[in-house]
Amino acid sequence: MDLIATNLQQQRSIVDQLRREASSQRLPVSQACADIVKYVTEHEQEDCLLVGFSSQKVNPFREKSSCTVL
């Protein structure tokens with residue numbers, strides 16, 4: 001009996017989630033793409049992958065130098 005109650009509760013939570021998703025506001029793909037392009041063009045000067053880093057010390061992806069003592 002406990003298994004049936006657990007399964008029923010899971011199914012109810014799935015139905016609730018689907019109802020929330022169905023009631024959410026949708027956006028046309030063309031508008032979403034236009035918004036993404038606008039955002040990227042407005043923030044391209046701040047993107048380190050496009051403009052690079054001002055110095056190597058600022059770059060968090062640089063190779064770490066290791067010191068080895070013989």
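This briefing describes the fold, the surface and a few selected residues of one protein chain.

The structure is a predicted model, in which local features need pLDDT of at least 70 and side-chain atom pairs count only at pLDDT 80 or more, while totals for chains, interfaces and linings use all residues. Residues are numbered from 1 along each chain as its sequence is written, and side-chain values use heavy atoms, with hydrogens and water left out. The chain holds three helices and zero strands, where helices (H or I, at least four residues) and strands (E, at least two) are DSSP runs numbered from the N terminus. Its radius of gyration is 25 Å, well over the 11 Å that the globule rule gives for 70 residues, so the chain is more spread out than a compact globule; this radius is taken over C-alpha atoms, and the rule is 2.2 Å times the number of residues to the power 0.38.

**Confidence**
- The mean pLDDT of the chain is 87, and 94% of its residues reach 70 or more, pLDDT being the predictor's confidence in each residue, from 0 to 100.
- Among the elements of the chain, helix α2 has the highest mean pLDDT (96), whereas helix α3 (residues 48–51) has the lowest (79).

**Overall extent and exposure**
- Along its principal axes, the C-alpha trace spans about 70 × 50 × 10 Å.
- Of the 70 residues, 1% count as buried, which is to say under 20% relative accessible area, with exposed being over 50% and partly exposed in between (1.4 Å probe, protein chains only).
- The chain exposes about 7,100 Å², of which carbon and sulfur atoms supply 58%; accessible areas come from the Shrake-Rupley method with a 1.4 Å probe, and for residues only the protein chains shown count as cover.

**Helix α2**
- Helix α2 (residues 29–42) has 14 residues and reaches 20 Å from its first C-alpha to its last, close to the 20 Å expected at 1.5 Å a residue, where the expected span is 1.5 Å times one less than the number of residues.
- The number of buried residues among the 14 of α2 is zero, so this helix lies largely in the open.
- Tyr39 has its place in helix α2.

**Selected residues**
- Gln17, found in helix α1 (residues 2–22), counts as partly exposed at 33% relative accessibility.
- Gln17 and Ile4 are 13 residues apart in sequence and 20 Å apart in space, C-alpha to C-alpha.
- Gly52, in the segment after α3, counts as partly exposed at 31% relative accessibility.
- Gly52 and Ile4 are 48 residues apart in sequence and 58 Å apart in space, C-alpha to C-alpha.
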